[in-house]
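Please look through the structure below.

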Amino acid sequence: MCGIVGYIGPKGAVPILLEGLKKLEYRGYDSAGIAVIEDKNLELRKAEGKLKVLDDKLSLEKFKGNIGLGHTRWATHGRPSDENAHPHQDCGGKLALVHNGIIENFQEIKRNLEKEGHTFSSETDTEVVVHLVEKFFSGNLSEAVQKATALLEGSYAIAVINQENPDQIVAYRQDSPLILGIGEGEYYLASDIPALLPYTRRVIILEDGEMVELNRENYRVIGPGGELLNKEIEEIDWDLEMAEKKGFPHYMLKEIHEQPDVMRQLLEKPLRGSEIELPEIDAILKSQEKIEKIFIVACGTAYHSGLIGKALLEKATGIPVEVDMASEFRYRSPLIGENSLVIVVSQSGETADTLAALRHARDKRAKTLGIVNVQGSTIAREADQLLLIEAGLEIAVASTKAYLNMLTAFNLLALKMGDGDIAGNENGELLHLLREIPAQVEKTLLRMEKPVRKAAEYIKNWDNAFFVGRGLDFSLALEGALKLKEISYIHAEAYAAGELKHGTLALIEEGIPVVALLTQESLLEKMISNIQEIRARGGYVFGITQDRFASRVAEEVDFLFKIPNTADIFAPLLGTVPLQLLSYFTADFRDCPIDQPRNLAKSVTVE
Ligand code: M6R
């Protein structure tokens, strides 16, 4: 939530800040702003709305200042507006500050500062921080930032500049990501690596409690106790092309089409021999007989992958698995202990609730495993063991390729932990089928485009839709419904098909779209009975099934999507493709802003 950038060097800061913000717009896009020091004057420009509005505003001006900060906002305190957009300023108008995160005790601080005579011009929690820095500033900005941050509770990455010293930026990180980019005679700051890639691949990832002071000639990283740190510079080997749309109209569609490749990439090493190689989880395997319970904790799409993970791991290991939404996990006092394995799943590796769940598990001395996409993210660094899902940069707010690779990672984990027996199949046969899946995803993509467009033409006119399935298909239905809601704004509900008759069937009316998943052989006839109940009441059913069941299913549905044959446990890896495309094309027909749906952000770093 919210993206921050900073620049100090010989070049004009404004284009660099704007370029960086473009790469971070996925983190929040309800308003944006920049501050640049121009001939010892602080120039601030802010605009409600997408970055384009600010960009247009700035195109009329020619700033030359070579030090500045930028911010793109996802509103938490105070509605989106010019006043609430960052950067924020102190009473004297000399400091400018950007912030990502939440200051939990801002009201109390604000009351005290008001008593001391400070006046506020926004509804944000952030503004207290710049007034605190002002209060403590007596010539040394780093000292003032240290004193101010000592009073803050919550999560925050901040950066601040002072118009009287156009040669310095000071930034601080606590529970919100912040990365320092090191160029040739210039320094950058950003909430995420893609904003730095056009300029440098040499980065330092700041840890909680660390402050960085950027000067024209050098930088200093200062630890929580005020000590100077000598932090390692990391080289980023990401492909910058990943951050481009490559001719696709939206990142989401591009990312859907990248799925065969990112899946191949993830499977390559583990499947190169006759047995699955996953050295990352050796420690877990060693202690496997001691594991009494497995918890999977995540949010949103990652949570949905965990539901499938549960089914796979229980089958494979015989160990009971519980799945929790991270925002609920620690508040229900889960019975975790030393013999628990807590798996946290996250694309960004920065989701606040998931991170809090991980820390809770560690406090309880459980073993922890992160299934994470973003290397170097906080969860990736804090989990005891790490399984990187290697989906590459995912920019669209709606998660697609990361979801697929989360499912793939759970399959690998289950096959490895199950020691050759999962769902009654021998490992060898399953490994063979798993190797085929990337090509089958490719085939599914080719097959689906036309029929999915047709189905989306139908669904686009409805305000409500249902997704039904049983077993693994129910977990997949939950993800299908979330995708449709998130980007097309059509209300969609997922139900376990057998549960409809306990109330929800009352909502089935003539023509209402119902997407029914029928990929599991053992549940096929049960699903068909449930579909008959739906159709008898007028529901219009879009079925998704494997080729081998198509002749049986065809006459029971109004519209059929066929995915290639595979083992039933792998069917969600293929079944997700028509669901993703269905939500994409429906949203496109409804002219929705697909990559940046309203009210959302890619990385949810607030609780
Ligand atoms: O980065 P994470 O995987 O931890 O994010 C979790 C959710 O916020 C995320 O999956 C969200 O539900 C997606 N927008 C769904 O497409």
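Q: How many salt bridges does the rule find across the interface of domain 1 and domain 2?
A: The model is predicted. A salt bridge needs a side-chain nitrogen of Lys or Arg within 4 Å of a carboxyl oxygen of Asp or Glu. Across the interface of domain 1 and domain 2, the count by that rule is three.

Q: Which residue forms a salt bridge with aspartate 175?
A: The cut-off for a salt bridge is 4 Å. For aspartate 175 and its partner, the closest N and O atoms are 2.7 Å apart. The partner is arginine 359.

Q: What area do domain 1 and domain 2 bury between them?
A: The domain assignment gives domain 1 as 3-244 and domain 2 as 248-424. The contact takes 15 residues from domain 1 and twelve from domain 2. Of the area buried between the two domains, 55% is on carbon and sulfur atoms. The total is about 1200 Å².

Q: How far apart do the C-alpha centres of domain 1 and domain 2 lie?
A: The two domains are in contact, with residues taken from each. Their C-alpha centres are separated by 32 Å.

Q: How many disulfides does the rule count?
A: A disulfide needs two cysteine sulfur atoms within 2.5 Å. The count for this model is zero.

Q: Which cysteine has the sulfur nearest to that of cysteine 2?
A: Cysteine 2 is buried, at 6% relative accessible area. Cysteine 2 is in no disulfide, because a pair must lie within 2.5 Å and its nearest cysteine sulfur is 18 Å away. That sulfur belongs to cysteine 299.

Conventions: Residues are numbered from 1 along each chain as its sequence is written. This is a predicted model: local features need pLDDT of at least 70, side-chain atom pairs count only at pLDDT 80 or more; totals for chains, interfaces and linings use all residues. Side-chain values use heavy atoms; hydrogens and water are left out. Domain bounds come from an automatic or database domain assignment. Contact means heavy atoms within 4.5 Å. Buried area is the accessible area (1.4 Å probe) that two parts lose on being put together, summed over both. Buried means under 20% relative accessible area, exposed over 50%, partly exposed in between (1.4 Å probe, protein chains only).
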